[in-house]
Amino acid sequence: MKVDIFKEMEDHDVEQIVFNYDKATGLKSIIAINDTTIGPALGGCRMWDYESEEEALMDAIRLSVGMTYKCSVAGTNFGGGKTVIMGDPKKDKSETLFRALGRFVQMLNGRYYTGTDVGTTGQDFVYASQESDYLVGLPEAYGGSGDTAIPTAYGVYMGIKAAAKSAFGDDTLKGLTVAVQGVGKVGTFVVEHLLKEDAKIIVCDVVEENLVALTDKYPQVKVVDPEAIYEQECDIFTPCALGAILNDETISKLKCKVIAGSANNQLAEPRHGKLLHEKGILYAPDFVINSGGLIQVADELEMQDNNHDRVMAKTRTIYDILLNIFNLSKEKDIPTYEAANRLAEERIETIAQIKRKYVRD
Ligand code: NAD
């Protein structure tokens, strides 16, 4: 795969790409800064055994663009960025590798903040934090704001309510059947919120212990095989496991009216968002409904302290944000992911306009 770097930057509106190499530790990483109109870029650091430099570069670009939209629509004052480290997270990690990364992040002097993502952990950034002031989501013992699964699950719960309001005319979930795919950190908390409202719950997982932990506590939860989750008779499907699960094969099986869950990149391709729209299935765009964790780290940076109640209050706004998206989708007859993108772009453009007025620093 040959990549024309400036062409990709132009096509994706990428402001800056930084290639970082450190001989002593073998660090090879790429930081993509997509857009800083509304504030410094924010986005996690992924470590992955990429097959090629081109694949790593394109992943950094694609993910940084996604962060711009996610940060904007969630109402944070951050732009989008992302780091990728080329390497196997099981074999290639060391204290010094992350310290080397920290120094490169520091060189950007606050234009970009990073933290954990696929393949990296809080401990990795404890190392990096010895070299950089621009890190987020450290473990609580190191001043971080703690488990992001808690606000993420709360945001998903509020998003499910907004979707129920839009699809069924009422946001009460009592008596509705919700099929949850994956009961890991986020999925389990989502189920607990839903049970408090007397929703009927169906779950699946590929890890038996996760199912047992849940059903021991809540015997009323029904368990089905992972492959059977798509064809359950239910009102709401809540994906909390994997990406790309909304594809040609699965969409034809779905019997739900609403899809609202935490998993990242649920649509295999954008056209699947169009297909759901045509089929009258209301899809809560993943990057909006799962933004509770982002809201927490953005709050940690903006407010310079950790306040759980404030984070949960901000996360509650996902309800109204999604209602706006659903209304725009209906009004313009466009898929919900497109409506979400429009709102994100509009906010960036409007903030750019207000920043044109001179204010003395
Ligand atoms: P997790 O790893 O704790 O949970 C995922 C669960 O899905 C696990 O229990 C796993 O066994 C299960 N699973 C994997 N493959 C499956 C399959 N084929 N069928 C059914 N279950 C399967 O992760 P998490 O933190 O709960 O995150 C869940 C999803 O939400 C992920 O896509 C993640 O990227 C996304 N997300 C998480 C956060 C967060 O704050 N944790 C924030 C935004 C988005």
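**Around the ligand**

Tutor: Happy to! The ligand is surrounded by 22 residues, and the closest are T148, V186, D205, N210 and S262; a residue is near a molecule if one of its heavy atoms lies within 4 Å of it. This is a predicted model, in which local features need pLDDT of at least 70 and side-chain atom pairs count only at pLDDT 80 or more, while totals for chains, interfaces and linings use all residues. Residues are numbered from 1 along each chain as its sequence is written, and side-chain values use heavy atoms, with hydrogens and water left out.

What kinds of residues make up the shell around the ligand? The shell divides into 11 nonpolar, 9 polar and 2 charged residues. Here Ala, Val, Leu, Ile, Met, Phe, Trp, Tyr, Cys and Pro count as nonpolar, Asp, Glu, Lys and Arg as charged, and the others, Gly among them, as polar. Two helices, α5 (149-168) and α6 (185-196), each supply at least two residues of that shell. Helices are DSSP runs of H or I with at least four residues, strands are runs of E with at least two, and both are numbered from the N terminus.

Now for the polar contacts, meaning pairs of N or O atoms within 3.5 Å; within protein, one must be able to donate a hydrogen and the other to accept it, and residues adjacent in sequence count only if both atoms are side-chain atoms. In T148, a polar side-chain atom lies 2.8 Å from an oxygen atom of the ligand. For T152, an N or O atom of the side chain is 2.9 Å from a ligand oxygen, and for N210 the corresponding distance is 2.7 Å. Taken alone, the ligand exposes 820 Å², and the protein buries 76% of that; these areas come from the Shrake-Rupley method with a 1.4 Å probe, and for residues only the protein chains shown count as cover.

The loop between α6 and β8 (200-204) holds D198. Phi of D198 is near 60°, a positive value in a residue other than glycine. Most residues other than glycine have a negative phi. D198 is partly exposed, with a relative accessible area of 45%; buried means under 20%, exposed over 50%, and partly exposed in between, using a 1.4 Å probe and protein chains only.
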